[in-house]
Amino acid sequence: MNRPGPGNRPPHDLGTRPRGSRMTQDDGDGTIVATPGTDTSAGGTDPGGTGGGAAPLLASRLAPTPPPEPVLVRPRLLRRLDEGATGPLTLVSAPAGWGKTTLLGSWARTVEPAPAWVSVEAGDTGARLWSYLAVALRVAAERAPDPGGPQDRTDPVGPPLPGPGVADQPPRPDQLEGLAAALAAREGPVLLVLDDVHRIADPAALTGLEFLLRHTEGRLRVVAGARTDLPAGLHRLRLAGELTNVGADELAFTDDEVNCLLVAHGVLLPAAAVPRLRARTGGWPAGLRLAALAARDRPDPVRWLEQFGGDQPDVAGYLRAEVLAPLDDAARDALRRGTVADAVRADLVDALTGRCDAERVLTALAAAGGFVDRDDSQPPWYRCHPLLADLLRAELGGLTAEERRDLHRRAAGWYAGHGRPAEALRHLLAAGHWDGATELLVTRWPELVPYDREGAGGPVPAEPPEEEVRRNPELALAAAAERAHAGDPEAAAAQLRRAAGHARSLPVPRRDRFGRLAVALEVTLARLAGDQDEVRRAASRLLATRTPEGSADDPRTGAADDADVRATAGAGLGLAALADGDLRGAAGQFSTALAAAQAAGRPRTELLCASRSALLHAALGELRAAERTAGEALAMPPCQGWSCRTDCAYAHLALAVVALHRGLPDEAQARLALADPAADEPPVAALAALCRAGLLADRGDPAAALRLLSTARDRLAPPPAGDGPPPPGPGGGAGELRAWLLAAEADLRAAHGDLGAARELLTDALARHDDPTEAPAVALARVELRAGDPGAAARVLPPWDGPDAGNWPLPVRLDAGVLDAVLARRAGDARRAGRILERILELAAAEGFRRPFTRAEPGVRDLLAAHLDSGTAHWPTVSDLVRVTEEPPARPDPDPDRALDEPLTERELTILRYLQSILSNVEIAAELSLSVNTVKTHVRNIYRKLDATRRREAVRRARELHLI
């Protein structure tokens, strides 16, 4: 077989392709037409079905199904099948409408010689299936005469197998052995495409195929399409690592493919609308094709596609027939009732249905993939495909109003009992349980404050009626809190005004409580609007409502209420300070708020404060506190499943910074891969950029590091105009971050020979006096030392051990101390150099720092070696540092011929970054919410493309190519 590849197949381009002709001729009624000298029946029976009582074989089942027009060629998937076809079995598995048959047909038409093709039909017995398999294999073998086989062979695939109507069982062992021997003797492999394998009712029908795959020396290679997982007879191949699995996550359309499909259908969308349509459809091929077909007949296709959903008649009909109809009543009811929430757990569905079988039902639905996704938390959460969720929610309309209210009450009870009061509030409002919603607001209001917009999906509840709000204005506050948590500040503000309009009717004690809750919402709305000054003013007003002594008229006041107020106001002030780049101010606020949240027993607020505190500890060099606090944050119950990923990302970023400073680059890279959700805020993006740039610089890619630093600086607020002082606050606003970014950029430029640009960058910044000067001054001293002027370096180096230096970030202080020791040794004062270095080692050891000693600074290794000889209390550490600094840093590979012949996909690049860590494939799959088998497949592809045989070798090769 001439397997398609870069050298003998035109490159796969996105576009359309005309339908190919069928491989097999037919006589007009769908039966195979025999040609002279060719036995097309399975075992010598009459192909037309006129002799021996055998049923005819249909040509349509031995050729790819003509694809729907226009055909979209998807190169990335064709390459995946090319890769899979080098092994014994490739399984394309996904539910209906994910494009399995279209993909297999498109691929089969590109392979030369054409593979054998068999479409399985419902009701096929083992004998019937093998009749088609025998014919298909024989025809495929005859298309590709074996150059190494006997020239007079009349049967290239062995002795005949039983034909339809001749045998009641699949082939006998002797027949299979003959076929296996004939295939094994061939010079090249024979490809077999087996479509719709899920239709095989009798697993024993595939035992013969499994036998052939084991005994043909790799000459038989099967590419199968199925709606279910691997058939029972073939699971041994998975255990042996010989299975390539292409699932719904890979079959889903990318943004580029969605755009190409729309263009092929004559539908043009604005660039920004394409990702929204892909997200709305989950990349489901059938849904996208239905959307494109309908949109081209609409006068305003853009607006129509914005409203496209699973309740559209064509989509609903397809989903009912192909997805819901095969389900039993329990599974369908579990899905339907579960759509009252954005994501569900099995015990939540049990609460909604009143049964106890949800675990079985959801596990089975998620195993098929495509329409129910499962994460890898314990216990797992499940999320329904958005279009299917639309349809199921529409079906909920068939319930009575009381049944729907009961469903929401059940959901509210579950969420309230599992630490998710915001979701509970949404369902109480949807159920019209006004007193319950108000009570939840009053007792759990600090946990209703939104800090990110995760987990805010689900149906929007109706506004409370006016008469209920007039009776109880706090009900409108509850509606405002729900809308704020859902990320709709306009609606929340409207409800807040509505509540304020009726507040005068409340008695005095309740009026005071109302004022406190209203001001807490004002803090939230100011933060959602990005108005940090208003956040501070509202937080001050909230703190003014404190009642530490309590009130006899309202038992909810007192110490608990005081802690709630301090936690909520402190969290808001901390977020405002962090948004302004005031790291020390934010750290102080979060520390105070964290203690208050712990005292009040508010885990959601506690998680927010702990995750941010961990990052700020790391940024300021307090590594042990950062490590401890980040670990505590990640262990908190709210940091599980699909919720709170932004908070968890802050903790992961903190651990990445810790790992960088401790000389653990692989761990730092793995943590950075989990920190992306936190990088929306410019100050946090700056800290992430500093960490990434350090890793890139260490791996010999200064250009990429400089780009990161420059982008991060551009995102920060600009310095104040003129020569005025820096912004108020201990940290100087975003100025400290700007100073760190600028110093890192100058270090990079100087380290790679551009001393003039580095010096100019730093001297300009120091002359403006608009940002803190410690980090730029240390960087300038390093530049002067590299330029060969230790005197100039000593003059600009700030006093790292002076009275003010204790307030510096510890990384800056350590860098300055190491540089001071190097300068002392260069000046001939070895005794002073030793004293300085011993002091720096003591400061570094307290937090576990290694990076200030391992970077390629001038003279550091000689300084360490001399200190080792003269004696030190840190002998093991210094000895190890001397050994490490002897290893040459990685440098760019100048050989362009070593570039990859086949680039890594986006998903492979993501998994490649994880391969640097100590995480196993199972743990990587859990982090990315993928199956373990999918991760293993990607890892094999990474090894092949990088010409590596094990993880460490692949990581080394990737670093040489600057892929990581």
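These legends accompany close-up views of a predicted model.

**Figure 1. The chain as a whole.** The predicted chain has 964 residues, and 54% of them count as buried. Its secondary structure comprises 45 helices and 10 strands. Among contacts with a separation of 6 or more, 71% are between residues 24 or more positions apart.

**Figure 2. A five-stranded open sheet.** The strand order is E4-E5-E6-E3-E7, with parallel pairing. E4 and strand E7 (243-246) are the edge strands, each pairing on one side only. On average, neighbouring strands of this sheet are turned by 15° against each other, direction ignored. Helix H5 (residues 207-215) packs on the sheet and touches E5 and E6. The direction of H5 makes about 140° with that of E6.

Figure 3. E4 spans residues 116-119 and is covered on both faces. Ala 116 and Val 118 are buried on one side. Trp 117 and Ser 119 are buried on the other. E4 is an edge strand, pairing on one side only. Strand E5 (residues 190-195) runs parallel to E4, and four bridges join the two. Ser 119 has Asp 195 of E5 as its bridge partner.

**Figure 4. Strands E3 and E6 side by side.** E3 covers residues 89-93 and E6 covers residues 220-226. The two strands run parallel and are joined by five bridges. Val 92 has its bridge partner in E6, at Gly 225. In the sheet order, E6 stands between E5 and E3.

Figure 5. Pro 64 sits in the loop between strand E1 (16-17) and strand E2 (71-72). Its relative accessible area is 7%, under the 20% limit, so Pro 64 is buried. Along the chain, Pro 64 and Ala 116 are 52 residues apart. Their C-alpha atoms are separated by 9.7 Å. Ala 116 belongs to E4 and is buried too.

**Figure 6. A three-stranded open sheet.** The strands follow the order E8-E10-E9, and the pairing is antiparallel. The edges are strand E8 (344-345) and strand E9 (372-374), each of which pairs on one side only. E9 and strand E10 (residues 381-384) are joined by three bridges and run antiparallel. Arg 374 stands opposite Tyr 382 of E10.

**Figure 7. Helices H22 and H23 packed together.** H22 covers residues 489-500 and H23 covers residues 508-528. Their axes come within 11 Å and cross at roughly 160°. That angle is over 145 degrees, so H22 is roughly antiparallel to H23. The crossing of H22 past H23 is left-handed. From H22, the contact involves Pro 489, Ala 492, Ala 493, Leu 496, Ala 499 and Ala 500. From H23 come Phe 514, Ala 518, Leu 521, Glu 522, Leu 525 and Leu 528. By class, the contact of H22 with H23 has 11 nonpolar residues, no polar ones and one charged.

Figure 8. H42 runs over residues 906-915 and H43 over residues 921-928. They pack at an angle of about 130°, with their axes 11 Å apart. Thr 910, Ile 911, Tyr 914 and Leu 915 in H42 meet Ile 924, Glu 927 and Leu 928 in H43. The contact of H42 with H43 counts five nonpolar residues, one polar and one charged.

**Figure 9. Ala 679 in a loop between two helices.** The loop joins helix H30 (665-673) to helix H31 (682-698). With a relative accessible area of 24%, Ala 679 is partly exposed. Leaving aside residues up to four places away in sequence, Ala 679 touches Ala 685 and Arg 715. Ala 689 is 10 residues from Ala 679 in sequence. In space, the two are 9.3 Å apart, C-alpha to C-alpha.

Definitions and conventions. Residues numbered from 1 in each chain as written. Predicted model: local features only at pLDDT ≥ 70, side-chain atom pairs only at ≥ 80, totals over all residues. Heavy atoms only, no water. Axes fitted to C-alpha atoms, helices over the stretch in contact; angles between N-to-C directions. Parallel < 35°, antiparallel > 145°, perpendicular 65-115°, else oblique. Left-handed = near helix turned anticlockwise from the far one by under 90°. Contact = heavy atoms within 4.5 Å. Nonpolar A, V, L, I, M, F, W, Y, C, P; charged D, E, K, R; others polar. Buried < 20%, exposed > 50% of the residue type's maximum accessible area, 1.4 Å probe, protein only. Pairing = 2+ DSSP bridges.
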